[in-house]
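Please walk through this protein chain with the structure open beside the text.

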Amino acid sequence: MPWGTSRRIDGITWWRAVVGSRTARSALVGAGLGAVALLLTALPWQRLLPCDPQQGWSCLGWALLLAPVAALLVFLASWLALRLAGVRPAWRVAAAAVVLCWLQFELEARAGAWSLPDGLLPLADAVLFAIAAALTAPGPLLRWPRVVLLVVLALLWPLSALVGGHRADDRARNELTDAGVPLYAPDVAGYRMRPPLTSKPGSWFGFLLLPDRQGVDPDDLNRWAIRVTVEPVPPAFRPPVCDATSLGSTVRAEGCEQVAPGTWRRANPYVVFYFVRRDDYLIVMSADGKENTEADLRKLASTLSVRTPDYFLR
């Protein structure tokens, strides 16, 4: 047999062995299922389901309800396709692939990353099914590679949280930088600061302070929270008329009284407001409950200063 012919036969034999391998067949099944999923995403699900897009909780409720059903259908479809492709045991590969798909979504969410482009879904599923086949391959030869792969997957969990934390800090830092107002804040020693809020387009920013002590219920904001808002001095702010904004809500405060240079207060049976003017900007501080006294508000108002974005990310 000529040498060239023998080489071609060896190449064909190698290619058939690769394509016919358990891992390759699993990858092909994954790519096919990914293509089917890509087609399903084009369906008008919002019209097919009794879900009002204007009511986020309604759509979320349907998503939570159908998630286990979808996972079961994916497993059954994967198991059937793998059996038809001659992969054995098919149920192990299907189960591992479903777990890996869930792990992919969780890692993307924890890392704060955008999902893969839709066009890459078949490729991503092919890789996941190939990994699932490698993890469930029979025999002791792949024992150490499987251990290494499992260790890598386990390390991705804390790494994704670390990456997600950095991404969240970067987003918050950029939002604060573009807030459009100076980042006034008091000395927060003895308080826990909730993540700041900013308006879009930037016209105000604000945050909540909760006392850092035992017995504080972080869910009972009306009782424990101190609200702080920074905005340009509104045209309606003309003491003794101290109309302003508190975290986006309009505050009507006629009859406010001056208690210190550049500082006014207005109280009613339900809430106490302190208004602090710094140049062309107004800081509005309020407390609804009896757990934060006027003395607390006065002390916080006396320590107001312009802070850096990192001050709010501690």
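The model is a predicted one. Its secondary structure consists of nine helices and 14 strands. The protein has 314 residues, and 32% of them are buried. Taking contacts between residues at least 6 apart in sequence, 53% join residues that are at least 24 apart.

On the α6 side the contact is formed by I131, A134 and L135, which meet R146, L149, L150 and L153 of α7. By residue class, this contact has six nonpolar residues, no polar ones and one charged.

Helix α5, residues 90-111, also packs against α7, with axes that come within 7 Å and cross at roughly 25 degrees. Angles under 35 degrees count as roughly parallel, so α5 is roughly parallel to α7. The α5 residues in this contact are L100, W102, L103, E106, L107, R110 and A111. From α7 they meet L153, L156, W157, P158, S160, A161, V163, G164 and R167. The contact of α5 with α7 divides into eleven nonpolar, two polar and three charged residues. L153 of α7 is listed in the contact with α6 and also in the contact with α5.

With a relative accessibility of 24%, L121 counts as partly exposed.

The next topic is charge. Side chains of opposite charge can pair when their charged atoms come close. The count for this model comes to nine salt bridges. In one of them, E291 pairs with R223, and the closest N and O atoms are 2.8 Å apart. E291 lies in the loop between β13 (281-287) and α9 (294-302), while R223 lies in helix α8 (residues 221-224), so the pair ties together parts that are 68 residues apart in sequence. Both partners are partly exposed: E291 has a relative accessible area of 25%, and R223 has one of 40%.

A further salt bridge joins E294 to R265, where the closest N and O atoms are 2.7 Å apart. This pair also links distant parts of the chain, since E294 is in helix α9 and R265 is in strand β11 (residues 263-267), 29 residues apart.

E294 has another partner in R298, with the closest N and O atoms 3.9 Å apart. Here both residues lie in helix α9, four residues apart, which is about one turn of the helix. R298 is partly exposed, with a relative accessible area of 43%. These residues belong to a network of salt bridges that links E257, R265, E294 and R298.

Some backbone details remain. Where are the cis peptide bonds described here? One runs from R88 to P89, with omega near -15 degrees. P89 sits in the loop between α4 (56-84) and α5. Another runs from P239 to P240, with omega near 15 degrees, and P240 lies in the loop between β6 (237-238) and β7 (241-242).

Positive phi values are found at two residues that are not glycine, L247 and D279. For L247, phi is about 50 degrees, and this residue is in the loop between β8 (244-246) and β9 (249-251). For D279, phi is near 55 degrees, and the residue is in the loop between β12 (272-278) and β13. D279 is exposed, with a relative accessible area of 65%.

Technical notes: Residues are numbered from 1 along each chain as its sequence is written. This is a predicted model: local features need pLDDT of at least 70, side-chain atom pairs count only at pLDDT 80 or more; totals for chains, interfaces and linings use all residues. Side-chain values use heavy atoms; hydrogens and water are left out. Contact means heavy atoms within 4.5 Å. Helices (H or I, at least four residues) and strands (E, at least two) are DSSP runs, numbered from the N terminus. Ala, Val, Leu, Ile, Met, Phe, Trp, Tyr, Cys and Pro count as nonpolar, Asp, Glu, Lys and Arg as charged, and the others, Gly among them, as polar. A salt bridge is a side-chain nitrogen of Lys or Arg within 4 Å of a carboxyl oxygen of Asp or Glu. Buried means under 20% relative accessible area, exposed over 50%, partly exposed in between (1.4 Å probe, protein chains only). Axes are lines fitted to C-alpha atoms, for helices over the stretch in contact, and angles run from 0 to 180 degrees between N-to-C directions. Angles under 35 degrees count as roughly parallel, over 145 as roughly antiparallel, 65 to 115 as roughly perpendicular and the rest as oblique.
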